[in-house]
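Keep the viewer open and follow along.

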Amino acid sequence: MSGSKLRFLTLVKPVLCVLPEVAPPERKIPFKEKILWTSITLFIFLVCCQIPLYGIKTNKSSDPFYWMRVILASNRGTLMELGISPIVTSSLVMQLLAGSKIIDVDHGIKEDRALFNGAQKLFGILITIGEAVAYVISGMYGDVRELGAGNAVLIIIQLFIAGLIVIILDELLQKGYGLGSGISLFIATNICETIVWKSFSPTTINTGRGTEFEGAVIALFHLLITRTDKVRALKEAFYRQNLPNVTNLMATVLVFVFVIYFQGFRVDLPVKYRSQRGMQGSYPIKLFYTSNMPIILQTALVSNLYFLSQLLFKRYPGNIIVRLIGVWQDGEGGPQTSSPVAGLAYYISPPNNLTEVTTDPLHALIYFTFILVSCALFSKTWIEVSGSSAKDVAKQLRDQNMVMKGHRDSSLMHELNRYIPTAAAFGGMCIGALTVVADFMGAIGSGTGIFLAVTTIY
């Protein structure tokens with residue numbers, strides 16, 4: 001049985017020689033050079049976010065990933081259409097397969113690590129091709145018959161090359177040339193860019209009440225200067241609808257502070273070396289034990305449901321089962337900003353502000369419950385499949401000849417079990433609660449996005 005499990009990774013070995021790879025550094029990379037490589041990576045990503053895809057006919061079709069664009073670090077109609085979704089999907093699937101022992105991997109063996117990383121990269125490339133083909137066939141860039149075979153193939157090639165660039169950039173940083181990982185960098189950049197743009201955007205929009213600036217801060221000064229009634233101008237700047245307002249900006253700052261504060265919550269378990277008398281240390285168990293993984297998994301689940309629901313509703317709008325999954329309506333920005341208005345997709349989507357919470361409390365209650373339960377379950381599941389459960393931590397400590405101070409070696413796993421599952425489940429619920437509160441307050445960039453940005457930067 002173990003032979004058949006190992007055979008999966010050995011099948012990847014012949015393919016590794018043709019996969020693009022970043023060579024590991026032969027020397028220690030200085031900090032200034034790491035900053036340089038990180039800046040170059042970020043520059044390439046931002047440029048790709050602005051280069052439009054050649055050959056597309058329209059960008060006005062519905063966008064199933066409109067709500068997830070910030071978190072997926074993707075930009076509609078550009079080379080970064082797919083964003084980091086292929087990398088995240090391949091990483092999650094491979095971790096789940098390895099954690100559930102469907103594929104047998106020993107991360108202590110260098111060859112196994114190389115094969116596992118190669119399989120993950122190959123899977124990411126295959127997902128990139130699959131998503132590129134699905135986007136074109138589903139009509140996101142116009143009817144395939146209107147596009148023509150040549151244009152359709154050209155769009156797929158562009159998306160594939162851009163996806164390959166993202167995979168290589170992520171590997172470049174992870175190999176030690178830069179700081180952190182590409183996934184974290186791209187998510188944080190996209191979210192921070194959204195927050196800065198919606199705060200200081202000089203774009204003007206005619207809302208029916210006259211010309212207004214999109215940016216909340218610029219709109220505040222513009223309204224105070226142009227309106228004679230200063231109190232009414234302040235009220236409008238703080239509470240205007242359908243555009244970023246000062247209240248949204250304040251909520252965003254408040255959520256940032258809360259997440260940073262909760263990041264510091266942890267329990268330090270005293271540990272000591274068995275072989276070296278007097279050598280002591282601590283093993284920290286943070287409140288956010290699984291970091292941002294629960295919210296990433298929950299986002300992946302919801303984005304796939306949105307994608308499926310929107311495609312089905314577009315094709316079979318009268319079908320009862322399809323309508324139970326989700327009913328979609330075009331927003332003010334056209335079909336590309338369509339949002340769910342009924343069905344399962346509606347009840348697991350966040351209310352836009354506190355007014356919607358009071359007008360439809362059932363929606364708010366179901367959404368709140370769904371987020372808390374799903375984040376807690378995903379968090380508990382993740383510790384089992386990612387090698388961070390009490391059993392795995394106990395094994396790591398024993399391998400390092402460490403024991404918990406004041407406890408026998410045999411009771412190590414029992415003691416860890418008192419903390420780790422609780423930290424995972426409760427931490428997952430706290431993550432869910434913070435994102436819900438941020439969504440209810442109308443924070444810019446969504447609660448999920450802000451949490452991902454803070455856990456990446458902090």
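## The nonpolar cores

The largest nonpolar core holds 67 residues, and I84, Y141 and F186 touch the most other members. A nonpolar core here is a set of buried Ala, Val, Leu, Ile, Met, Phe, Trp, Tyr and Cys residues joined through side-chain atoms within 4.5 Å. Buried means under 20% relative accessible area, exposed over 50%, and partly exposed in between, using a 1.4 Å probe and protein chains only. Helix 7 (residues 144–177) gives this core its largest share, ten residues. Another core lies apart from it, with 16 residues, including V271, I383, L397 and M404.

This is a predicted model, where local features need pLDDT of at least 70, side-chain atom pairs count only at pLDDT 80 or more, and totals for chains, interfaces and linings use all residues. Residues are numbered from 1 along each chain as its sequence is written, and side-chain values use heavy atoms, with hydrogens and water left out.

## Helix 7 against helix 8

Helix 7 packs on helix 8 (residues 182–200) at an angle of about 110°, with the axes 8 Å apart. Helix 7 is therefore roughly perpendicular to helix 8. From helix 7, V166, L169, D170 and L173 make the contact, and from helix 8, G182, I183, L185 and F186. Sorted by class, this contact has six nonpolar, one polar and one charged residues.

A few terms: helices (H or I, at least four residues) and strands (E, at least two) are DSSP runs, numbered from the N terminus. Axes are lines fitted to C-alpha atoms, for helices over the stretch in contact, and angles run from 0 to 180 degrees between N-to-C directions. Angles under 35 degrees count as roughly parallel, over 145 as roughly antiparallel, 65 to 115 as roughly perpendicular and the rest as oblique. Contact means heavy atoms within 4.5 Å. Ala, Val, Leu, Ile, Met, Phe, Trp, Tyr, Cys and Pro count as nonpolar, Asp, Glu, Lys and Arg as charged, and the others, Gly among them, as polar.

## A closer look at helix 8

With 19 residues, helix 8 reaches 26 Å from its first C-alpha to its last, close to the 27 Å expected at 1.5 Å a residue. That expected span is 1.5 Å times one less than the number of residues. Buried residues of helix 8 include G182, I183, L185 and F186.

## Helix 10 against helix 11

Helix 10 (residues 230–239) and helix 11 (residues 246–263) pack at about 50°, their axes 5 Å apart, so helix 10 and helix 11 are oblique to each other. Here A237, F238 and Y239 of helix 10 meet V246, T247 and M250 of helix 11. By class, the contact has five nonpolar, one polar and no charged residues.

## L92 and L297

Which residues does L297 touch, not counting residues up to four places away in sequence? They are L92, F378 and W382. L297 sits in helix 12, and L92 in helix 5 (residues 85–99). The C-alpha atoms of L297 and L92 are separated by 8.2 Å, although these residues are 205 apart along the chain. L297 is buried, at 11% relative accessible area, and L92 is buried too, at 9%.

Beyond neighbours within four places in sequence, S309 is in contact with I325, G326, W328 and A345.

H363 belongs to helix 16 (residues 361–385) and is buried, with a relative accessible area of 2%. Not counting residues up to four places away in sequence, H363 touches Y346, Y347, S349, P350 and P351.
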